[in-house]
Amino acid sequence: MEMSGELSASSGHAGQSARRYPLLIILAHWLIAGGIAANLVTGWLLDDATELLDLHRSIGVLVLAFSALRLFCRFAYRKQMPDSVNEAGSLQYRVEKLAHTLLYAGMVLVPLLGWLKTNAAGHVLVLFDTVELPVLMERNRELSSLFGELHSVSAYLLAMLIGLHIAGGVAHVMMERRNVFKRMLPF
């Protein structure tokens with residue numbers, strides 16, 4: 001068992017030797033994580049504090065933008081990515097890959113559904129009261145309601161996935177003595 005957080009030669013993809021994620025991916029990860037956390041809190045508070053709606057929307061746009069950046073970097077830096085700590089082909093490896101795919105989908109889908117809901121409700125999305133963003137669809141009350149429901153449900157599912165993602169990292173530390181968190185820290 002490894003105590004240092006280093007990866008063994010038998011884990012993950014052969015031929016890769018990176019121990020940490022590239023800095024741009026690390027920064028995007030933490031900006032997205034902070035944005036999602038802020039929007040989960042503001043989203044829960046919206047019923048009682050509607051003045052947070054513009055902030056909630058703006059943070060959602062930033063999450064979407066940083067998610068697009070992270071996806072781009074994931075492909076651009078694919079040869080510099082650290083190995084998986086799970087054995088390639090194992091059940092844990094497949095679960096890890098599925099979880100990451102679902103996390104990426106949620107990081108894009110949740111804010112996009114919010115944007116569509118805003119437009120379908122007849123509103124223009126304005127980023128921090130300064131820049132009007134393109135209207136993705138015309139006003140449509142039925143779709144606004146549908147997009148609102150889908151936005152809420154997918155946000156809760158994303159929150160649960162994030163909880164499982166963190167629990168997986170904690171399990172690696174506690175059960176395998178493998179500190180996977182060091183790979184995603186900016187320092």
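Predicted model: local features only at pLDDT ≥ 70, side-chain atom pairs only at ≥ 80, totals over all residues.
Residues are numbered from 1 along each chain as its sequence is written, and side-chain values use heavy atoms, with hydrogens and water left out.

**Exercise 1. Describe the secondary structure and overall dimensions of the protein chain.**

Step 1. Count the elements. The protein chain has 4 helices and 2 strands; helices (H or I, at least four residues) and strands (E, at least two) are DSSP runs, numbered from the N terminus.

Step 2. Starting at the N terminus, the sequence of elements is α-α-α-β-β-α.

Step 3. Take the extent. The C-alpha trace spans about 55 × 30 × 30 Å along its principal axes.

Step 4. Of the 187 residues in the protein chain, 38% are buried, where buried means under 20% relative accessible area, exposed over 50%, and partly exposed in between (1.4 Å probe, protein chains only). Among contacts (heavy atoms within 4.5 Å) with a separation of 6 or more, 68% join residues 24 or more positions apart.

**Exercise 2. Determine how helix 3 packs against helix 4.**

Step 1. Read the geometry. The two helices pack at an angle of about 155°, and their axes are 8 Å apart. Axes are lines fitted to C-alpha atoms, for helices over the stretch in contact, and angles run from 0 to 180 degrees between N-to-C directions.

Step 2. Classify the angle. Helix 3 and helix 4 are therefore roughly antiparallel; angles under 35 degrees count as roughly parallel, over 145 as roughly antiparallel, 65 to 115 as roughly perpendicular and the rest as oblique.

Step 3. Helix 3 passes helix 4 in a left-handed crossing, that is, the near helix is turned anticlockwise from the far one by less than a right angle, with clockwise giving a right-handed crossing.

Step 4. Sort the residues by class. The contact of helix 3 with helix 4 has 14 nonpolar, 8 polar and 2 charged residues. Here Ala, Val, Leu, Ile, Met, Phe, Trp, Tyr, Cys and Pro count as nonpolar, Asp, Glu, Lys and Arg as charged, and the others, Gly among them, as polar.

**Exercise 3. Repeat the analysis for helix 2 and helix 3.**

Step 1. The packing angle is about 145°, with the axes 9 Å apart.

Step 2. Helix 2 crosses helix 3 in the left-handed sense.

Step 3. On the helix 2 side, the residues in contact include Arg 57, Val 63 and Arg 74, and on the helix 3 side they include Lys 97, Tyr 104 and Trp 115.

Step 4. By class, the contact of helix 2 with helix 3 divides into 8 nonpolar, 3 polar and 4 charged residues.

**Exercise 4. Are Glu 96 and Lys 97 buried or partly exposed?**

Step 1. Glu 96 lies in helix 3. Its relative accessibility is 14%, so Glu 96 counts as buried.

Step 2. Not counting residues up to four places away in sequence, Glu 96 touches Ser 84 and Asn 86.

Step 3. Lys 97 is also in helix 3. Because its relative accessibility is 27%, Lys 97 counts as partly exposed.

Step 4. The C-alpha atoms of Lys 97 and Ser 84 are separated by 9.3 Å, at 13 residues apart along the chain.

**Exercise 5. Characterise Phe 128 and Asp 129 by phi, location and accessibility.**

Step 1. Phe 128 is not a glycine, yet has a positive phi of about 45°. Asp 129 also has a positive phi, near 55°.

Step 2. Phe 128 is in the loop between strand 1 (126-127) and strand 2 (131-132), and Asp 129 is in the loop between strand 1 and strand 2.

Step 3. With a relative accessible area of 40%, Phe 128 is partly exposed. Asp 129, at 64%, is exposed.
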